[in-house]
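I opened this model to look up a few local features. My notes follow the sequence and structure.

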Amino acid sequence: MRILIAEDDEALARFVRQGLEGEHYAVEVLADGEQACRAAVGSEYDLVILDLNLPNLDGVSILRQLRLKKPSVPILVLTQRTRVEDRVQCLDGGADDYLAKPFSFSELSARIRALVRRSHLPSESVITIADLKLDRVQRIVERAGRRIELTSKEFALLEYLMRNAARHVTRSMIIEHVWNLTFDTTTNVVDVYINYLRRKIDDGHEQKLIHTVRGVGYMLNAPATTVAAAPEIPA
């Protein structure tokens, strides 16, 4: 699950990012208002955490533009502004929640989970492929009823593969959506993490779910006999 944090307080942004990554979210931080607005409108995020006092474009303006272009994306305003007028302006402008600084990270985490629950249908909150189940809200992965512990990047990679089940996904697509980076042809980070997942997801199971698509990338699908017939999507 991808979260965008629009926050120009570097220390605070780092604190929130580390906490959320520890809960298996894929997090991107942008400190500039214009950059944050372009990213929020042009990319797919499951939730946006928005500060109001941003350079070049303020949070209220971002909120208005984002609501016009992405009416369904959850937006949580995180700000030092505590006046009732500010809260009313943001909530009327389309914010889904409003949390004032200073705040407890446990409360922020709970509010995020609540927003995610409200914004996804039950079928989208829990993804199931064969006997593999991933709960996007509770951050739990199980196969054949056995709990599997994953790192934040492993969880984000598995979630991306499962959301694109039966599709060919390229390494560049994975790098962009899981690491929020431009693909570097010299890196093997995707292959390394795919191997991590295979050991945790497929080892010990007769039915393998993670497949290599030669010359393309990877695919998660069951049963394995359908690999050659799976549709390919462009990078």
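The entries below cover a helix, a cavity and some backbone details.

**Ground rules.** I am working with a predicted model, where local features need pLDDT of at least 70, side-chain atom pairs count only at pLDDT 80 or more, and totals for chains, interfaces and linings use all residues. Residues are numbered from 1 along each chain as its sequence is written, and side-chain values use heavy atoms, with hydrogens and water left out.

**Entry 1: helix α8.** I took helices (H or I, at least four residues) and strands (E, at least two) as DSSP runs, numbered from the N terminus. Which residues of α8 are buried? In α8, residues 171-179, I find M173, I174, I175, V178 and W179 buried. Buried means under 20% relative accessible area, exposed over 50%, and partly exposed in between, with a 1.4 Å probe and protein chains only. I then looked up what these residues pack against: β2 (26-30), α7 (152-163), β10 (169-170), α9 (189-201) and β12 (217-220).

**Entry 2: α8 against α9.** Two packed helices are described by the angle between their axes and the distance between the axes. Here the axes come within 10 Å and cross at roughly 80°. Axes are lines fitted to C-alpha atoms, for helices over the stretch in contact, and angles run from 0 to 180 degrees between N-to-C directions. I therefore note α8 and α9 as roughly perpendicular to each other. The cut-offs are under 35 degrees for roughly parallel, over 145 for roughly antiparallel, 65 to 115 for roughly perpendicular, and oblique for the rest. From α8, the contact uses R171, I174, I175 and W179; from α9, V189, V190, D191 and Y193. Contact means heavy atoms within 4.5 Å. I sorted the residues of this contact into 6 nonpolar, no polar and 2 charged. Ala, Val, Leu, Ile, Met, Phe, Trp, Tyr, Cys and Pro count as nonpolar, Asp, Glu, Lys and Arg as charged, and the others, Gly among them, as polar.

**Entry 3: T151.** T151 sits in the loop between β9 (146-148) and α7. T151 counts as partly exposed because its relative accessibility is 37%. Which residues does T151 touch, leaving aside neighbours within four places in sequence? I find H24, Y193 and K200. T151 and H24 are 127 residues apart along the chain, yet their C-alpha atoms are separated by 6.7 Å.

**Entry 4: cavity search.** I searched the whole structure and found 1 cavity of 30 Å³ or more. A cavity is a set of points, on a 1 Å grid over the protein atoms alone, where a 1.4 Å probe fits but cannot get out; lining residues have an atom within 4 Å of a point. The largest cavity holds about 40 Å³ of space. Its lining is I5, A6, E7, L12, A13, V16, I49, L50, D51 and L78. The largest share, 3 residues, comes from α1. I count 8 nonpolar lining residues, no polar and 2 charged.

**Entry 5: backbone.** Most residues other than glycine have a negative phi, and most peptide bonds are trans. I looked for departures. K101 and P102 are joined by a cis peptide bond, with omega about -5°. P102 lies in the loop between β5 (97-100) and α5 (105-119). N56, not a glycine, has a positive phi of about 75°. At 58% relative accessibility, N56 counts as exposed. A130 is not a glycine either, and its phi is positive at about 55°. I place A130 in the loop between β6 (126-129) and β7 (132-135).

Terms used:
1 Å grid on protein atoms, 1.4 Å probe; cavity = no way out; pocket = protein on both sides within 12 Å on 5 of 7 lines; lining within 4 Å. Points joined across faces, edges and corners; volume = space filled by probe spheres on them.
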